Amino acid sequence: MTLVEIFIPRNFSIGQRVEIDRLKVLQQELARKFGGVTAFIRSSASGLWTNEHGHVEQDDIAVFEV
């Protein structure tokens with residue numbers, strides 16, 4: 001068995017929040033395609049990454065495991 005984690009930003013690049021309904025649709029699609037999914041939607045994780053200018057950015061993310 002292989003575990004795949006998918007990190008989804010909770011905000012669009014324009015700063016608008018991703019609606020919970022969109023994440024639930026993704027959860028249903030992943031469950032249908034892979035036979036199951038665990039989604040950490042409501043308790044967002046915090047991610048750090050370096051942008052193309054070398055600055056550290058922070059994202060709130062939802063995590064899906066299939």
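How many helices and strands are there in the protein chain? The chain holds one helix and three strands, where helices (H or I, at least four residues) and strands (E, at least two) are DSSP runs numbered from the N terminus. Their pattern along the sequence is β-α-β-β. The model is a predicted one, in which local features need pLDDT of at least 70 and side-chain atom pairs count only at pLDDT 80 or more, whereas totals for chains, interfaces and linings use all residues. Residues are numbered from 1 along each chain as its sequence is written, and side-chain values use heavy atoms, with hydrogens and water left out.

The C-alpha trace of the protein chain spans about 40 × 25 × 20 Å along its principal axes. Of the 66 residues, 20% count as buried, that is, under 20% relative accessible area, with exposed being over 50% and partly exposed in between (1.4 Å probe, protein chains only). Among contacts (heavy atoms within 4.5 Å) with a separation of 6 or more, 49% join residues 24 or more positions apart.

The largest nonpolar core consists of seven residues, namely I8, V18, L23, L30, I41, A62 and F64. Elements giving two or more residues to this core are α1 (20-34) and β3 (56-65). A nonpolar core is here a set of buried Ala, Val, Leu, Ile, Met, Phe, Trp, Tyr and Cys residues joined through side-chain atoms within 4.5 Å. Beyond its neighbours within four places in sequence, I8 is in contact with L23, L26, D60, I61, A62 and F64. With the corresponding neighbours left aside, I41 is in contact with R10, I20, L23, K24, Q27, A62 and F64.

Residue N51 is located in the loop between β2 (38-50) and β3. N51 is buried, with a relative accessible area of 13%. The side chain of N51 makes a polar contact with that of E57 at 2.8 Å; such a contact is a pair of N or O atoms within 3.5 Å, and within protein one must be able to donate a hydrogen and the other to accept it, while residues adjacent in sequence count only if both atoms are side-chain atoms.
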